[in-house]
Amino acid sequence: VHLFESVGVLVQAVDSLRLSCVVSGDRYNVQAVAWFRQGPGKERAYVARITWIGFNIYYATSVMGRFTISRDNAKTTVYLHMNSLKAKDTAVYYCAADLPPRAILSNFGSESTYEYWGRGTQVTVST
């Protein structure tokens, strides 16, 4: 499985942005895809997750209400729609794929749950 994030950008605060993650290879074996981010001087943190079957969606509380994760029906691309961007959203954003066995809810935010990762894309929000 290979994951490729869209090219990073510089945006203004309160702007909106959509990131894409193209999933290739054995994508039909994927259970779910998640977005993580790593801000300057911070550890990588979970943002959101969407399942391949059932469109089950989960968010970190820090982004709930502002970010929306979605995917296309062909299971090739996962999106992260980010609204009302703030300077604290500045980070490298990564997408990651979770393969079987199925992860439990308490592990959705754990990096070790995800077997494949994209290289990351830089999002910078200026004020």
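Which residue in E11 is the bridge partner of Val-9? The partner is Val-123. The model behind this report is predicted.

## Strand E11 and its partners

Strand E11 covers residues 121-126. Strand E2 covers residues 9-12 and is joined to E11 by four bridges. These two strands run parallel.

Val-92 stands opposite Gln-122 of E11.

## Thr-121

Thr-121 lies in E11. Is Thr-121 buried or exposed? Its relative accessible area is 4%. Buried means under 20%, so Thr-121 is buried.

The side chain of Thr-121 reaches the backbone nitrogen of Gly-8 at 2.6 Å. Gly-8 is also on the list of residues that Thr-121 touches, leaving out those up to four places away in sequence. Others on that list include Glu-5, Leu-19 and Val-92.

## The open sheet

Four strands make up an open sheet, in the order E1-E3-E8-E7. Their pairing is antiparallel. Strand E1 (2-5) and strand E7 (67-71) are the edge strands, and each pairs on one side only. On average, neighbouring strands of this sheet are turned by 15° against each other, direction ignored.

How many bridges pair E1 with E3? There are four, in the antiparallel sense. E3 spans residues 17-24. Within E3, Cys-21 is the bridge partner of Glu-5. Glu-5 is also one of the residues that Thr-121 touches.

Terms used: Residues are numbered from 1 along each chain as its sequence is written. This is a predicted model: local features need pLDDT of at least 70, side-chain atom pairs count only at pLDDT 80 or more; totals for chains, interfaces and linings use all residues. Side-chain values use heavy atoms; hydrogens and water are left out. Buried means under 20% relative accessible area, exposed over 50%, partly exposed in between (1.4 Å probe, protein chains only). A polar contact is a pair of N or O atoms within 3.5 Å; within protein, one must be able to donate a hydrogen and the other to accept it, and residues adjacent in sequence count only if both atoms are side-chain atoms. Contact means heavy atoms within 4.5 Å. Two strands pair if DSSP finds at least two bridges between them. Axes are lines fitted to C-alpha atoms, for helices over the stretch in contact, and angles run from 0 to 180 degrees between N-to-C directions.
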